[in-house]
Amino acid sequence: MTKEFFSQVTNLEQAFPKPDRRLRLGVVGGGRISQTQAMAARQSDRWEIVAGALSSNKDKAKALGAEWYLDDDRCYTSFENMAQQEAQHPQGVDAVMITTPNHVHFDAAKAFIESGIDVLCDKPLTNEVDEAVALADLTRQSGLIFGVGYAMSCFAMIRQAKEIVANGGIGKVNQIHVEFMQDWMTPDDIGEAEHVKWRLDPKKSGATSCTGDIATHAAHLATFVSGLPMTHLRAEMHVCGSPKPLEDTVFMNTRFANSVPGTLMATRLAPGNRGGLRLRIFGSEGGIEWDLEHSEYLKHARFGEPDRILSRGHGHGIASNVERLVRTGRGFPEGLIEAWANLYTEFATAVAARRDGLTLPNDYLAYPDVEDGAEGVKFIHATVQSNAAGGSWVEIL
């Protein structure tokens with residue numbers, strides 16, 4: 001983007017500024033989620049993917065690089081080498097997305113931060129709290145941009161829900177309920193699938209599987225929309241299906257700021273549920289309800305009045321700073337890829353502004369950042385502590 005943009009545009013709620021060129025994006029990790037994020041980054045029309053560490057095997061790295069249309073000399077076999085070489089390249093990456101298994105996140109993110117390259121890392125941010133805190137500290141010290149892949153917070157109707165709650169549309173929040181139900185781990189032999197093995201390996205996934213992978217999405221969504229940090233929880237982790245080294249299900253009671261109570265449930269063994277992320281927040285005057293499988297719609301109830309069903313699209317009650325996340329009119333569906341694209345659009349805006357030495361208006365961007373990532377790791381740690389203590393209440397520190 002350019003300084004002229006800010007002098008010419010008077011209403012920054014109506015559009016995200018575009019950089020004066022597409023930003024250059026690197027990829028660390030060549031698995032399935034990297035393909036999803038790459039589609040989203042391209043859809044944002046703000047990124048071109050130019051480099052990658054897609055495999056530690058040289059031949060495989062080049063073969064995968066060819067599928068991504070990368071030049072041979074920008075197909076790396078280690079993130080360390082990639083960070084070093086790209087920092088020195090005359091057309092080096094402006095940012096990198098890290099989509100590896102969890103245990104690689106810390107070292108990879110640290111390498112790029114220390115090389116002066118902005119980062120967008122998948123969640124959970126790290127497997128250990130001290131590593132998450134260290135990344136947050138490094139980011140603050142460096143002045144770099146660090147996004148985290150809580151893309152569920154980038155659905156237009158989630159942003160609308162946040163607006164409603166923040167503007168008193170349900171009164172004072174008095175309870176928060178969130179759940180993430182999936183069914184893909186129902187088969188007894190699912191643990192043998194290549195894309196599942198690392199998720200059940202404590203050396204790679206950390207101390208949790210279901211909690212770190214999907215319950216953390218639910219926890220972030222609850223705090224993001226309500227505006228209230230989660231302060232305490234009591235949790236029970238379960239293996240409900242075939243034997244596994246890590247949990248496939250977690251149930252918990254939660255407590256937020258102002259002693260607001262709530263519940264959180266997550267499982268991968270709920271047949272009939274694929275994207276069963278559901279959020280309900282109730283207050284003194286009404287409530288909001290959202291369901292990922294029907295992500296175009298948001299229910300807003302005011303006690304004693306007819307319920308309102310808001311649909312994603314331009315106008316008709318949609319906040320102006322939410323409209324900029326909308327790509328199509330009402331009735332033409334958008335979904336998960338578009339939510340990821342919203343994340344990459346906001347991330348690009350922050351990266352371009354930093355590189356151009358520009359200061360964006362306060363509260364202009366709401367993408368999840370390294371601080372959100374660190375809070376997610378603290379949430380996971382507290383869940384493990386509570387479960388180990390027989391489901392006792394634990395403070396999230």
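The crossing of helices H4 and H5 is right-handed, a crossing being right-handed if the near helix is turned clockwise from the far one by less than a right angle and left-handed if anticlockwise. The model is a predicted one, in which local features need pLDDT of at least 70 and side-chain atom pairs count only at pLDDT 80 or more, whereas totals for chains, interfaces and linings use all residues. Residues are numbered from 1 along each chain as its sequence is written, and side-chain values use heavy atoms, with hydrogens and water left out.

The axes of H4 (residues 79–88) and H5 (residues 105–114) come within 9 Å and cross at roughly 15°, and H4 is therefore roughly parallel to H5, a term applied to angles under 35 degrees. Helices are DSSP runs (H or I, at least four residues), numbered from the N terminus, and the axes are lines fitted to C-alpha atoms over the stretch in contact, with angles running from 0 to 180 degrees between N-to-C directions. Contact, meaning heavy atoms within 4.5 Å, is made by Phe79, Met82 and Ala83 of H4 and by Asp107, Ala108, Ala111 and Phe112 of H5.

Helix H7 (residues 156–166) is mostly covered, with eight of its 11 residues buried, that is, under 20% relative accessible area with a 1.4 Å probe and protein chains only; among them are Ala156 and Arg159. Both Ala156 and Arg159 are in contact with Leu325, as are Phe16, Cys154, Glu334 and Asn342, when neighbours of Leu325 within four places in sequence are left aside. Leu325 is found in the loop between helix H11 (320–323) and helix H12 (336–355), and counts as buried because its relative accessibility is 2%.

How values were computed: Helix = DSSP H or I, 4+ residues; strand = E, 2+ residues; numbered from the N terminus. Parallel < 35°, antiparallel > 145°, perpendicular 65-115°, else oblique. Buried < 20%, exposed > 50% of the residue type's maximum accessible area, 1.4 Å probe, protein only.
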